[in-house]
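Q: I am new to this structure and would like a close look at one part of it. Please take me through the region that the UniProt record marks as a domain, step by step.

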Amino acid sequence: MSEDPEELAKSVSHAASRDGRRLAIVESLTGGLVCSDLAASPGSSEWFRGGVVAYDRTTKHGALGVPDGPVVSEPAVRTMAGKAAELLGADLTLAVSGAGGPEPQDDQPPGTVWFAITDRGETEAWMEQTDSEDPQDVLRHTRVRSLQALLNHLGE
């Protein structure tokens, strides 16, 4: 599968349009990069419902209802994905939160990234650890893996 964000976003656009899916994104670590990729894709106004950039922990806890505790965690991304799906009326929502580095966050080493996808009410979550502690490498990995995960759920 491609690792070019623009190419991946175009593939997401094609698959979402084909299937009549409505997508939303909630980002922390990536600060809106995935939303930007999707918004720049052809035909995005037909299927991209929008996104939430919840970078600050108080925003995650307050606006998105993330339970008290670490925000780089499975419960946090599960809650973020579910709440964004509800707020934005999407049937496929991806959430991402992580320790971008170079310092740890929530006792997680740099490069730890949690993902969650809510697909028609069912949520799955997983964690990935990047090989790099460089923030730019972590952001790129997270951006690409987010788009790849959406494609997998769209059957591509």
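**The annotated domain**

A: Residues 6-152 carry the UniProt annotation "domain: CinA C-terminal", from an unreviewed entry; such positions are given in the numbering used here, feature names are shortened, and annotations may be inferred rather than shown by experiment. The model is predicted, with local features needing pLDDT of at least 70 and side-chain atom pairs pLDDT 80 or more, while totals for chains, interfaces and linings use all residues. Residues are numbered from 1 along each chain as its sequence is written, and side-chain values use heavy atoms, leaving out hydrogens and water.

Over residues 6-152, the chain is 44% helix and 23% strand, with 16 Å between the end C-alpha atoms. Here helices (H or I, at least four residues) and strands (E, at least two) are DSSP runs, numbered from the N terminus.

Let's start with a helix pair. Helix α1 (residues 5-19) packs against α6 at about 20°, their axes 9 Å apart; axes are lines fitted to C-alpha atoms over the stretch in contact, and angles run from 0 to 180 degrees between N-to-C directions. That makes α1 roughly parallel to α6 (under 35 degrees; over 145 is roughly antiparallel, 65 to 115 roughly perpendicular, the rest oblique). The crossing of α1 past α6 is left-handed, meaning that the near helix is turned anticlockwise from the far one by less than a right angle.

Now for a loop. Pro102 sits between β3 (92-98) and β4 (112-119), and a cis peptide bond with omega of about 5° joins Gly101 to Pro102. Most residues other than glycine have a negative phi, and most peptide bonds are trans.
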